[in-house]
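Grab a pencil and work through these exercises with the model open. Each one has a task, then a solution in steps.

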Amino acid sequence: MPLRRPASTVPPSLSSCSAPGKVVRKRLPSIGRACGSVRITSATVSYFARNEPRFHDYWVSHVDLSDPQHERWLEMEGQQLAEGASHVESVGRFFPVKDRDVLDVGCQWGATCIALARAGARACGVDIDDDFINGARLRAEEQTVRIDVRRGVAEAIPYPDKSFDVVLLHNVIEHVRNHRETMSELARVLRPGGGLWLTGPNRLSPQLLLRDPHYSMFGVSVLPAKLGELYVTRVRRYPSWTVGTFPVASHIERMLVEDGMEIIGSSRLDAPTRSSLERRLNRLSSTTLFNLRRYFYIAARRSPTAMSVPRFEPV
């Protein structure tokens with residue numbers, strides 16, 4: 001999501017609230033060609049007023065209101081702490097997080113890190129944007145939990161080898177510069193026997209071809225990064241492009257195996273526990289369906305005897 005809105009723009013008031021579910025309209029100064037009206041539900045306004053007023057004020061002072069979807073992002077952000085808890089519960093199906101060192105790569109505003117801390121993990125996060133990092137720290141402070149958030153990219157995670165018991169990459173893989181380097185970095189910072197939880201959108205999904213999850217546009221999900229940026233910013237006139245190349249699920253799975261990771265669960269598999277023969281048969285018969293799913297997940301474990309993975313340095 002585009003950030004760094006000019007500081008002169010006044011954030012919407014949290015005090016204006018009507019019946020739950022209705023839309024609250026608050027006039028804001030226009031920014032360039034940006035329209036001036038924010039439309040958010042009063043339920044979202046009430047949520048932030050009760051639970052996250054400081055984070056809300058930070059968010060609206062740093063988000064780019066020239067982004068036509070800024071209202072959508074705020075609505076979504078009001079649900080992120082609850083979704084983070086649900087996400088941690090999904091991770092827990094495969095990997096315990098209590099009393100574990102857990103890293104969330106691409107942590108954005110810190111919602112999943114906060115959920116991890118509440119679940120008893122020693123939660124760390126990495127993101128490329130300073131506004132995200134500062135917002136995540138403020139949010140954690142407001143929620144009275146402790147997290148360690150650092151600036152970095154997925155291709156060069158700023159932690160030593162074998163630092164974490166569990167690593168998460170949740171709906172971030174389509175934003176990274178290089179899928180191959182990212183997979184190796186995830187394996188590098190995992191301890192032997194540690195677990196990786198990865199989710200993302202599929203490049204070959206027919207649903208995402210019709211409507212991608214970031215810009216709600218036809219065809220964007222299959223475009224290479226440069227062409228996607230050209231189409232979104234020049235043709236459709238959006239202020240920025242924050243997406244790279246969408247992954248193909250089976251390709252990501254293969255990269256992880258090449259880095260010494262064992263796939264113990266995925267959208268290809270119906271359950272985390274299956275016999276070896278069932279897994280092999282399912283892998284042969286379901287690759288196409290695996291790659292056509294709208295979203296996929298992969299749970300992988302690093303071999304207890306795995307050698308260190310070489311670190312990629314950013315170009």
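**Exercise 1: two helices**

The crossing of α2 and α6 is right-handed (the near helix is turned clockwise from the far one by less than a right angle). Before you start, note that this is a predicted model, where local features need pLDDT of at least 70, side-chain atom pairs count only at pLDDT 80 or more, and totals for chains, interfaces and linings use all residues. Residues are numbered from 1 along each chain as its sequence is written, and side-chain values use heavy atoms, with hydrogens and water left out.

Task: work out how α2 and α6 pack, and which residues meet.

Solution. Step 1: find helix α2 at residues 53-62 and helix α6 at residues 130-142 (helices are DSSP runs of H or I, at least four residues; strands are E runs, at least two). Their axes sit 9 Å apart, at an angle of about 165° (lines fitted to C-alpha atoms, angles from 0 to 180 degrees between N-to-C directions). That makes α2 roughly antiparallel to α6 (over 145 degrees).

Step 1: list the contacts (heavy atoms within 4.5 Å). From α2 come Pro53, Arg54, Phe55, Tyr58 and His62, and their partners in α6 include Asp130, Asn134, Leu138 and Arg139. Sorted by class, the contact of α2 with α6 has 4 nonpolar, 3 polar and 6 charged residues (Asp, Glu, Lys and Arg are charged; Ala, Val, Leu, Ile, Met, Phe, Trp, Tyr, Cys and Pro nonpolar; the others, Gly among them, polar).

**Exercise 2: burial**

Task: is β3 buried or exposed?

Solution. Step 1: 5 of the 5 residues of β3 are buried, so the rest of the structure largely encloses this strand (buried is under 20% relative accessible area, 1.4 Å probe, protein chains only).

Step 1: look at the two faces. Asp101, Leu103 and Val105 point one way, Val102 and Asp104 the other.

Definitions and conventions:
Angles under 35 degrees count as roughly parallel, over 145 as roughly antiparallel, 65 to 115 as roughly perpendicular and the rest as oblique. Buried means under 20% relative accessible area, exposed over 50%, partly exposed in between (1.4 Å probe, protein chains only).
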